[in-house]
Amino acid sequence: MLHDFFDIISREEFESLLLSFAPTSIEIKSISDAYGLVLGEDIFSPEDLPPANRSCMDGYAVHARDVFGATEGNPAYLEQCAQLRVDEAPDFTLKHGDCAAIPTGGTLPDGADAVVMVEHTQELGSGTIEVRKSSTPGEHTMLKGEDAAKGENIYKAGHTVRFQDVGLLAALGIGSVKAHIKPRVGIISTGDELVEIEVPPRAGTIRDVNSHTLRCLVSKAGGIPANYGIVRDDLNKLKTTLAKAIAENDLVLLSGGSSVGMRDLTVRAIESMEDSEILAHGVAISPGKPTILGKVGSKPVLGLPGQVTSVQVVMLSIVMPFIRHLMGQKDSFACLDRPILLAELERNTPSRQGREDYVRVILKQRKGKIPLAEPVYGKSGLLRTMIKADGLMIIPADMEGSYAGEQIQVWLI
Ligand code: AMP
Ligand code: MG
């Protein structure tokens, strides 16, 4: 079927179509290779961490009750019964009135429930220790199982492995985990006017910008980019390159040719593939309306706008969360990955109702106040708006704009 018109759907509808694609397969990865990947399994702690009560400070392990109320003027006196090493597992029970010298990280003897810092003590000779500060149970100690209790569900499938997670897994002796593999993402630039970046400029040609920006953003989202170069506005050539890119990747991105003009061949190229379907042509966002979602077999193909700024906004708002979804991330469109800053809008900013607007803004620091956000207007064919912008402000589809002085959320880019 030939589509020669947009059938524009909302961003939410577009998102739910994207969420119907299945994530990538799961493989066993070493924990350092799993960094940035998404877990494909729930993980349960195999043991208690710490495995025993430990000291957070250099000092003396005590019964908190024995030094309760101690002050500079009214110290408590204890007998030192041991000098513990950091690698020692004490085999005695601390008696009331006794204390044991303990280094940071050392294991507390049974009975001890607090540590007093060495700074608040004085050795008086012949094993007597003066304690000049009160203590409470648990003070300056890390309790057994406080980081992770044996059998606890520490991570759920769908969680992205961060550096601190790698630390916990290492501490628990978990050297490898099941994680979703990175999706391979094919990138095709289309247009008769496009030339490689090495080619000297002349009127009528434009250097291919999108291959390069898309590559960065695919990597940033966690995908593995593969560039298929520039393809002329020639249906047969586009079909050949698209078929190759689909065979070799989990997702294919085409930029340019996504609108409804004579030379806009993306829809036709997708439709010419075997077992293909156009799921959407047009999404109610600005910039970024001429965006196409197709399916070839089980693989997604996205036709993106050619305009250099539009395609960057569509990458940020739709394609990068989609890549995270393909990597197995739960709620990948829920904005939690986005650094957000509160700012005050400098000027009234109108927006057409019925479409979600991504307004580029410059942030101006102010003393003692939240930053001021100045909207940057400009043509989506120019790189300028995105170059100048510090972030994007999203005006929802059901609003006609935002007013000067309003507090807004700016998504830092
Ligand atoms: P199109 O959607 O193919 O009509 O492209 C819209 C505008 O974006 C045209 O002015 C194209 O020259 C420009 N454009 C398309 N693809 C690229 C690209 N890869 N790099 C820079 N500009 C592009
Ligand atoms: Mg074109």
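Predicted model: local features only at pLDDT ≥ 70, side-chain atom pairs only at ≥ 80, totals over all residues.
Phe21 is in the loop between α1 (11-18) and β1 (26-30) while Phe322 belongs to helix α7 (residues 308-326), so the pair ties together parts 301 residues apart in sequence. Helices (H or I, at least four residues) and strands (E, at least two) are DSSP runs, numbered from the N terminus.

Now for the domains, whose bounds come from an automatic or database assignment: domain 1 (11-24 + 182-334), domain 2 (28-47 + 146-180), domain 3 (54-142) and domain 4 (340-412). Eight residues from domain 1 and seven from domain 2 make the contact between those two, counting heavy atoms within 4.5 Å. The C-alpha centres of domain 1 and domain 2 are 33 Å apart.

About 590 Å² is buried between domain 1 and domain 2, with carbon and sulfur atoms giving 52%; that is accessible area (1.4 Å probe) lost on putting the two parts together, summed over both. Salt bridges across this interface number zero, the rule being a Lys or Arg side-chain nitrogen within 4 Å of an Asp or Glu carboxyl oxygen.

Local features need pLDDT of at least 70, and side-chain atom pairs count only at 80 or more, while totals for chains, interfaces and linings use all residues. Residues are numbered from 1 along each chain, chains are lettered from A and ligands numbered from 1 as written, and side-chain values use heavy atoms, without hydrogens or water.
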